[in-house]
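Student: I would like to learn how to read a fold from its coordinates. Could we take it feature by feature?

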Amino acid sequence: MMIMGMESSPDPPFNETYKNFFNNNNIGRSTKSAYDLFEVDECELPLIDLNKLNMGEMEREECKKEIEKASREWGFFQVVNHGISREILEKMRFEQVKMFKRPFQEKIKDNNLNFLAGSYRWGTPSATCLTQLSWSEAFHVPLDIISGLQGGPSNSNSNTLSSIMEKCATTMSELAHKLAEILAEKMGHKSSFFRETCLPTTCYLRMNRYPPCPISPQVFGLMPHTDSDFITVLHQDEIGGLQLVKDAKWISVKPNPDALIINIGDLFQAWSNGTYKSVKHRVVTNMLKERFSIAFFMCPSYDTVVQSCVGPAIYRSFSFREYRDQVQDDVKKFGHKIGLPRFLV
């Protein structure tokens, strides 16, 4: 496979860096799993209208029950009337695309990226085979960096991006906290735990791009995983590619331009004693089209202790630092995350 003008190309050098994975034997061994990627049903996630939270008591309670049910049965759901206008999301996508269209060599350097400097990552450094490779790139930015710019960087393009990112991030953060409080309330807890532990210094926004993949579907855009946070808020484009496990089968999520996707993370599953489900999901590649998404991750400080809010506990208490360290160790040793099963009582 040839590498086209790498100096000016926006695409990371997947072919050159992972060339040992791209031989016929490796691709042949992944053929079955590749076919499995497309042997899935497309589905509509549970769709919840958050405007009902602003109505009468009956409507509010109905909405809260819908959120609870989806978190128990799916671990994923969609929300509309979520507080972020389509105009903001479209501006965010426009600025995001511009940033990713910069030459790869520029993205990996710190110059000219201002507040995004050092936040760029791509591929899977720990991958040892094709099925462990994620064909994607991302900017991974803590919220306090976005919100603490005090007028933004001097570069006008970056200033526009930071302004739009701040609007998205603050609204997504408030949405995640509101949903966490509802889910805690349905467990019988009216607690300030999430407000006190999930702060701008610990939560982050991640802009994702999945370039066209010439060997799709033999490689993932994002390999199967669960999220190591409390709640994730996702906005995806119309291309699709997000899949999740439901009833022991992979299903494909149909894009909805008006909705944000919410999913429960590992920490909420542990906190709720297994009541709310952190579900395995992945992104499949597209041979011809690139895909963009932006995700907010609601994370606590590393010293925060996560423990079941009801008993008898099925998970032992652990700090977020301990959890992250264990995940990273497992990825280095086995090429994939093991996650919550490590912390069963």
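The dialogue below goes from the whole chain to single residues.

Student: What kind of model is this, and how are residues numbered?
Tutor: This is a predicted model, with residues numbered from 1 along each chain as its sequence is written. Local features need pLDDT of at least 70, side-chain atom pairs count only at pLDDT 80 or more, totals for chains, interfaces and linings use all residues, and side-chain values use heavy atoms, with hydrogens and water left out.

Student: How many helices and strands are there in the chain?
Tutor: Both are DSSP runs, numbered from the N terminus: helices are H or I with at least four residues, strands E with at least two. The chain has eleven helices and 15 strands.

Student: What share of the residues is buried?
Tutor: Buried means under 20% relative accessible area; exposed is over 50%, and partly exposed lies in between (1.4 Å probe, protein chains only). Of the 345 residues in the chain, 53% are buried.

Student: In what order do the eight strands of the open sheet run?
Tutor: Two strands pair if DSSP finds at least two bridges between them. Here the order is S2-S3-S11-S8-S13-S6-S5-S4, with mixed pairing. The edge strands, S2 (47-49) and S4 (120-122), each pair on one side only. Angles run from 0 to 180 degrees between N-to-C directions, using axes fitted to C-alpha atoms, for helices over the stretch in contact. Neighbouring strands of this sheet are turned by 25° on average, direction ignored.

Student: In which sense do S5 and S6 pair?
Tutor: S5 (residues 137-142) and S6 (residues 204-210) pair in the antiparallel sense over six bridges. Tyr 204 in S6 is the bridge partner of Pro 142.

Student: Which strands does H5 touch?
Tutor: Contact means heavy atoms within 4.5 Å. H5 packs on the sheet and touches S5, S6, S8 (231-236), S11 and S13 (291-298). The direction of H5 makes about 110° with that of S13. The buried residues of H5 include Ile 88, Leu 89, Met 92 and Phe 100.

Student: Where does H4 lie?
Tutor: H4 (residues 57-73) lies across S2, S3 (76-80) and S11 (260-264). H4 runs at about 155° to S2.

Student: Is S9 enclosed or open to the outside?
Tutor: S9 (residues 242-246) is largely enclosed by the rest of the structure, because four of its five residues are buried. S9 pairs with S10 (residues 249-253) in the antiparallel sense over four bridges. Val 245 stands opposite Trp 250 in S10. The hairpin of S9 and S10 has two residues between the strands, and Asp 247 takes a positive phi near 55° there. S9 also pairs with S12 (residues 281-284), antiparallel, over three bridges. Leu 244 stands opposite His 281 in S12.

Student: Where is Ser 134, and what does its side chain reach?
Tutor: Ser 134 lies in the loop between S4 and S5. Ser 134 is buried, at a relative accessible area of 4%. A polar contact is a pair of N or O atoms within 3.5 Å; within protein, one must be able to donate a hydrogen and the other to accept it, and residues adjacent in sequence count only if both atoms are side-chain atoms. The side chain of Ser 134 reaches the backbone nitrogen of Met 223 at 3.1 Å.
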